[in-house]
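Student: Can we go through this one together? I'd like to start with the DNA side and then look at some helix packing.

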Amino acid sequence: MSTIIGLVDCNNFYVSCERVFRPDLEGKPVVILSNNDGCAVARSNEAKALGIGMAEPAFKIRHLVEEAGLIMLSSNYTLYGDMSARVMSVLADHVPAIEVYSIDESFLLLDGMPMTDFTPWARELRETVRRWTGIPVSIGIATTKTLAKMANRLAKKSPKAGGVLDLASHPEWLDRALAQTEVKDLWGVGPAFTAKLTVKGIRNAKQLRDAEDGWIRKNLGNVGLRTVMELRGVAVHDLESEPEPRQSCCVSRSFGEATSSRDDVRDAVVTFAGRAAEKVRRSGLVAGVVQAFIATDRFRHGDPQHSAAVSVKLPSPTDSTPRIIEAALRALGAAWKDGFAYRKAGVILLELVAPGDVPRDLFSPPASPKSTALMGALDATNQRFGRDTLRFGGLIAEDAGWKMHQGNKTPGYTTCWADIPVAKLG
DNA sequence: TCTGGGGTCCTAGGACCC
DNA sequence: TCTGGGGTCCTAGGACCC
């Protein structure tokens, strides 16, 4: 018997999270903006119906606020992360194994479950998630991850599917499902592959499934061939319920305003390096390499452009904030060129490993107990009293130009005592 | 005039994902 | 005026070696 995989995807996830605490947003066009309030990263169905695309720049849709009652909210990732954990824990309670794939998606392993048709069970699971968390989800079921993703998409689109499509129990629906799906909507097919396939006359998933291996391999590589195998029902992507430790950690931001001041960019890099160090400590890892990058505004075609990324190898892997900041500043020094208006910077920590896996080296001593204690105190203080209560690199002006713009953020309903909603009786 | 060939390692960039 | 952030994997090509 072949494996059966479910894919659960939260509908319009960020918007749905906001609606749990703002029922007044129900039925209205709502978008959630990216960091910096730059572009739309989540849209309610009503917003999609207004023609707002994914990653649509905010300034292009602002007129819809007046004209169509569009509501634009800044993103509240603390809220979304917390709601995500709730959804995932409900799912995990109902299946043998789960792979959390992203903040709003999970693959479910359905092998060994006693039903011959998963549809009624999946509809029930959907209701349970909705009742217990307030979040609506769709469920696709098939014999491979790629087909489950496709089934999920069709389940979400079709009004009569009731949020569930089970292609594993109904292989007779497969051909029609494949024929209805454009290649650009498949998992693993992006703009570059779509362009190549279109030239070849391959437009839908059924044509892609039946395409010739040699041509696929030559033009889309082994990566493309794997997608085709999955469309044929050959599972090449296994369910991974034990998450692999992360290999890199990136903290980067576009600035609220461009700046050519070296001190400004330095402040930003120090801040990002500190945040990145905090993240790897939380993961229980240490970094071997620190990279800093800077870039001018790529959308201002008339302006002189410069972008650079420089890596610095640490003498020995570390999670210490001051050592990581120092390396990031050396990298920044090497990447810097005067006379450009910078719009973005970032710090990436690479070669992450568990401290126990670091090869011991005669010349570099292990982390000093003092430094470890200091970092522990730093994290505990900031956890308790708020981000940046303690920080390295001095005070940073609240209104520094490079800081993010976030005009319309909702409260931390589930994670901040002061923001917890109050219920009024009678 | 002729001017190897094959293996490995590393890196940058491309392609994809949400 | 205004265009996100954080990841992974793969591949092509250069450097280097014998």
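Student: Which element gives the most to the surface near DNA strand C?
Tutor: Strand β9 does, with 6 residues; strands (E, at least two residues) and helices (H or I, at least four) are DSSP runs, numbered from the N terminus. This is a predicted model, where local features need pLDDT of at least 70, side-chain atom pairs count only at pLDDT 80 or more, and totals for chains, interfaces and linings use all residues. Residues are numbered from 1 along each chain as its sequence is written, chains are lettered from A and ligands numbered from 1 in the order in which they are written, and side-chain values use heavy atoms, with hydrogens and water left out.

Student: How many residues surround DNA strand C?
Tutor: There are 25, and the closest are Arg-246, Cys-250, Ser-252, Ser-254 and Arg-343. Near means a heavy atom within 4 Å.

Student: What lies 2.5 Å from a phosphate oxygen of DNA strand C?
Tutor: A backbone N or O atom of Ser-254.

Student: Switching to helices: at what angle do α9 and α11 cross?
Tutor: Roughly 160°, with the axes of α9 (residues 191-199) and α11 (residues 213-231) coming within 11 Å. That makes α9 roughly antiparallel to α11, a label for angles over 145 degrees. Axes are lines fitted to C-alpha atoms over the stretch in contact, and angles run from 0 to 180 degrees between N-to-C directions.

Student: Which residues of α9 meet α11?
Tutor: Phe-193, Lys-196 and Leu-197 meet Trp-215, Ile-216, Asn-219, Leu-220 and Gly-224 in α11, contact being heavy atoms within 4.5 Å.

Note on methods
Parallel < 35°, antiparallel > 145°, perpendicular 65-115°, else oblique. Polar contact = N/O pair within 3.5 Å; in protein donor to acceptor, adjacent residues only side chain to side chain.
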